[in-house]
Amino acid sequence: MIPPAAERESGAASVMVRPLGEADLDRADEICRVAFGTFLGAPDPFGTVDYVRTRWAADPRAAFAATVGGEVVGSNFATNWGSIGFFGPLTVRPDLWDQGIGRRLMEPVMDCFNAWGNRHLGLFTFAHSPKHLELYRRYGFWPRFLTAIMKKQVTDGAAVPGRVLYGELPAAERPDALSLCRALAGAVYEGLSLEREIVAAHAQGLGDTILLHGAASELDGLAVCHCGAGSEAGTDVCFVKFGAVRPGPEAADRFERLLDACERLAAERGLGQLDAGMNLGRPDAYRRMIDRGFRTWLQGVTMHRPNEPGYSHPDAYVIDDWR
Ligand SMILES: CC(C)(COP(=O)(O)OP(=O)(O)OC[C@H]1O[C@@H](n2cnc3c(N)ncnc32)[C@H](O)[C@@H]1OP(=O)(O)O)[C@@H](O)C(=O)NCCC(=O)NCCS
């Protein structure tokens with residue numbers, strides 16, 4: 001039988017790589033859980049956290065399956081943040097590890113980055129695994145920063161003046177809000193855009209985006225937050241998938257306000273835990289999170305292509321982890 005045009009044939013085995021379809025989602029999700037569970041020695045490390053369905057829904061053209069004999073055996077997802085591109089989760093069925101399937105699943109995401117023209121590429125992985133580091137090195141990535149996935153218990157904080165939720169804006173005002181977010185992210189790193197993330201969180205009902213207004217006409221901060229089961233947060237958790245404040249003098253104060261606003265959103269949604277990733281290339285932001293009670297529950301390393309810091313430097317008050 002002639003394979004579909006979108007499929008690529010592997011050299012040796014009958015491994016094919018093709019776009020991930022809606023009908024593949026259950027299987028891909030199951031493999032994702034089993035693969036991480038096997039690697040981490042934990043039966044179900046994700047619980048009610050969802051990556052496969054939410055990332056597929058955010059951009060089905062950037063979601064890929066590997067198949068053997070027509071059966072899905074792994075998947076990978078590319079994410080487009082404007083000038084920044086990252087990928088994952090990449091997973092392969094454990095009984096098929098070390099046969100080159102992970103590498104095959106790198107090809108389509110690298111093709112996405114080429115097509116999108118992202119300037120800086122990255123990923124989050126396990127710092128202690130030589131296999132992971134070598135797999136990604138072959139595609140031009142180099143390990144740079146430890147990245148802490150942190151959590152704290154939510155307390156009922158005061159309302160934060162100037163906070164607006166993207167999801168509460170009338171539809172007619174959303175394009176302007178997205179422009180403000182683009183301007184803020186672009187001030188952090190030229191071309192950085194969280195637009196797809198903001199829209200996906202809203203459209204899929206995964207959570208909401210905090211827009212922090214200050215005295216100026218520009219935004220002081222923004223935070224894309226996932227809330228609860230079925231999102232990237234999981235039951236009882238508010239997860240700050242991306243947060244940033246306007247750089248410059250007083251950025252640290254704006255960062256404190258943004259953290260207050262995230263905690264407040266979690267409390268309003270009745271969520272008991274606030275999760276946020278902090279790249280250790282941003283020491284002051286990290287210290288401020290520790291000072292307010294955040295503790296690290298998972299630590300990994302970000303790998304970068306090219307081998308440059310991107311927006312992970314001391315003056316960037318950004319929350320993210322590229323998981
Ligand atoms: C990570 C994962 C996707 C890799 O998939 P895979 O199909 O086993 O990977 P591949 O066989 O394509 O590539 C692994 C490469 O690492 C190399 N490698 C393995 N151990 C190594 C070591 N100790 N030192 C250096 N290289 C090593 C292998 O030789 C292989 O390269 P080769 O093809 O030239 O032999 C898979 O193991 C998985 O699902 N793990 C659990 C989930 C996970 O950790 N996902 C990634 C999160 S960032």
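Which backbone has a polar atom 2.8 Å from an oxygen atom of the ligand? That is Asp 98, a polar contact in the sense of a pair of N or O atoms within 3.5 Å.

Before going on, a word on conventions: this is a predicted model, in which local features need pLDDT of at least 70 and side-chain atom pairs count only at pLDDT 80 or more, while totals for chains, interfaces and linings use all residues. Residues are numbered from 1 along each chain as its sequence is written, and side-chain values use heavy atoms, with hydrogens and water left out.

Staying with the ligand's oxygen atoms, one lies 2.6 Å from a side-chain N or O atom of Lys 131, and one lies 3.5 Å from a backbone N or O atom of Ile 101. On its own the ligand has 950 Å² of accessible area, of which the protein covers 78%, as computed by the Shrake-Rupley method with a 1.4 Å probe.

As for the surroundings, 23 residues surround the ligand, and the closest include Leu 90, His 132 and Arg 138, where a residue counts if one of its heavy atoms lies within 4 Å. Helix H4 gives the most to this shell, with 6 residues; helices are DSSP runs of H or I with at least four residues, numbered from the N terminus.

Turning to Leu 180, which lies in helix H5, residues 174-188, its relative accessible area is 28%, so Leu 180 is partly exposed, that is, between the buried class (under 20%) and the exposed class (over 50%), using a 1.4 Å probe and protein chains only. Beyond its neighbours within four places in sequence, Leu 180 is in contact with His 213, Ser 217, Glu 218 and Leu 219, contact being heavy atoms within 4.5 Å.

Conventions
Helix = DSSP H or I, 4+ residues; strand = E, 2+ residues; numbered from the N terminus. Polar contact = N/O pair within 3.5 Å; in protein donor to acceptor, adjacent residues only side chain to side chain.
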